[in-house]
Amino acid sequence: CVSKYLQVLKMTNGRLPISIVSTGSCLSWREVQADEPEEKVLLFGCSNVSRVLLQNYIPPTGVSAVFDYWLQLRLSWWKKFSRHPANFSVTSSSSGESGDCLASTDASKSNSQSPYKMYITYDFPWGPEPVEEVTNLGDKLLAKLHKDGDQSYKGKTAGNKSCLPHCIECSSNIEAATAAWLIDSFHERRSFSEARKQESLRTSSVLQLHPHIAPYQVAIVMSLPAASSASPVSSLEMRHICDQLEKDFQEAGISVFNMSLHGSTVEAHLKRNDQLGIPYTVIVTDITVVDGVVKTRHRDTGIQSESHISSTVDNLSRNLRAKLEVTE
């Protein structure tokens, strides 16, 4: 991010604040303890980690307030998409931190301000681990470059005053974040099986991901009529409907996975969609061609509802918006 600072500053005519985001892999080292759980070692013991880095360059006045703002904003983001918001918390210490590839976060005094770091942690089965770090780096990132370089790294405030900006940095470990979401959303659903005379329970794995972090928000599948049936509807007609539905969902801004070309049973599709965490599955049948009625199955409840194809996109769009509004 620092290497792009002057380029971005020029784009804003030298005005502060500015923010720069970057992603990439970096080396990270940590000493593995003998009593650490195997899951933790597999997740945090690798030497190569992926990170998302956000650096906010701001005027030196009111840095503490801006730091608190970003800390609360990032914590609320994690909680907003979680099934168990209480598992995310803020701490000033790192428990089992998986190394650090950030710029210097040394706690020693600098000429202007001591770097100060807070951790957003998730309560994994073996204990809390950081998924994001929010750091007040002061002006240490730019002070040396400004002093030794032949270019000015100063920006201008709203009052047109020239100053060397301070940096509030947010860094997330993508592997740790992914593991946190998978553990947070994992659910084993038990359902009664009538296939046997004696009562039995079947368990199925479901990822109850928030719709806005799920890989897709809607999946479209076809339920072909049985070979023995005398249905005049062809699979080509049903596929045309699936393709049109896919286009309508995309125009509505809904991420959709059209599975009409993937040959499998509806039950197999639903099971896979649950494992992928897709919230809604639209089922197109031969009745859809005749009457325009489709079935919509909700991932978390397993309930299927019928609606006319002309209102399906609008209904799901409202449901998805409502889900986001509830979490805000």
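## Contacts, cores and salt bridges

Guide: In this predicted model, 65% of the contacts in the protein chain between residues at least 6 apart in sequence join residues at least 24 apart.

Visitor: What does the secondary structure of the protein chain come to?

Guide: The chain has nine helices and 15 strands. Of its 328 residues, 41% count as buried.

Visitor: And how much accessible surface is there?

Guide: The accessible surface of the protein chain is about 17,900 Å², and carbon and sulfur atoms account for 52% of that area.

Visitor: Let us go inside. How many residues has the largest nonpolar core?

Guide: The largest nonpolar core has 28 residues, and W78, F88, I120, F124, V131, V134 and I168 are those with the most contacts inside it. Elements that give two or more residues to this core include the helices α2 (38–44), α3 (63–80) and α5 (174–185). The largest share, six residues, comes from α3.

Visitor: What is W78 in contact with?

Guide: Apart from neighbours within four places in sequence, W78 is in contact with F88, I120, V131, E132, S172, A177 and W181.

Visitor: Where is A177, and is A177 buried or exposed?

Guide: A177 lies in helix α5. A177 has a relative accessible area of 11%, so it counts as buried. Not counting residues up to four places away in sequence, A177 touches W78 and V131. The C-alpha atoms of A177 and E132 are 8.1 Å apart, although 45 residues separate the two along the chain.

Visitor: What about I174?

Guide: I174 also lies in helix α5. Its relative accessibility is 33%, which is why I174 counts as partly exposed. Together with V21 and V52, I174 forms a nonpolar patch on the surface, with about 220 Å² of accessible area in total.

Visitor: Now helix α7. Which of its residues are buried?

Guide: In α7, residues 266–276, the buried ones are V266, H269, L270, N273 and D274. These residues cover an arc of only 135° around the axis, so they lie on the same side of α7. On the other side, E267 and K271 are exposed.

Visitor: Why would residues a few places apart point the same way?

Guide: An α-helix has 3.6 residues a turn, so residues three or four places apart point the same way.

Visitor: What follows α7?

Guide: G277 follows α7, and its phi is positive, near 85°.

Visitor: On to charges. How many salt bridges does the count come to?

Guide: The count comes to six salt bridges. One of them joins R189 and D274, with the closest N and O atoms 2.8 Å apart. This pair links distant parts of the chain, since R189 is in strand β9 (residues 186–192) and D274 in helix α7, 85 residues apart. Both R189 and D274 are buried.

Visitor: Which other salt bridge does D274 form?

Guide: The side chain of D274 also meets that of R297 in a salt bridge, at 2.6 Å from N to O. D274 lies in helix α7 and R297 in strand β14 (residues 293–298), so this pair ties together parts 23 residues apart in sequence. R297 counts as buried because its relative accessibility is 8%, and the value for D274, also buried, is 4%.

Visitor: How do R299 and D300 meet?

Guide: Their side chains form a salt bridge of 2.7 Å, N to O. D300 is partly exposed at 29% relative accessible area, whereas R299 is buried at 3%.

Terms used: Residues numbered from 1 in each chain as written. Predicted model: local features only at pLDDT ≥ 70, side-chain atom pairs only at ≥ 80, totals over all residues. Heavy atoms only, no water. Buried < 20%, exposed > 50% of the residue type's maximum accessible area, 1.4 Å probe, protein only. Helix = DSSP H or I, 4+ residues; strand = E, 2+ residues; numbered from the N terminus. Arc of directions from axis to C-beta. Core = buried A, V, L, I, M, F, W, Y, C linked by side-chain atoms within 4.5 Å. Contact = heavy atoms within 4.5 Å. Patch = residues over 30% accessible without salt bridge, like charges linked within 9 Å, V, L, I, M, F, W, Y side chains within 5 Å. Areas by Shrake-Rupley, 256 points an atom, 1.4 Å probe, with all protein chains shown as cover. Salt bridge = Lys/Arg side-chain N within 4 Å of Asp/Glu carboxyl O.
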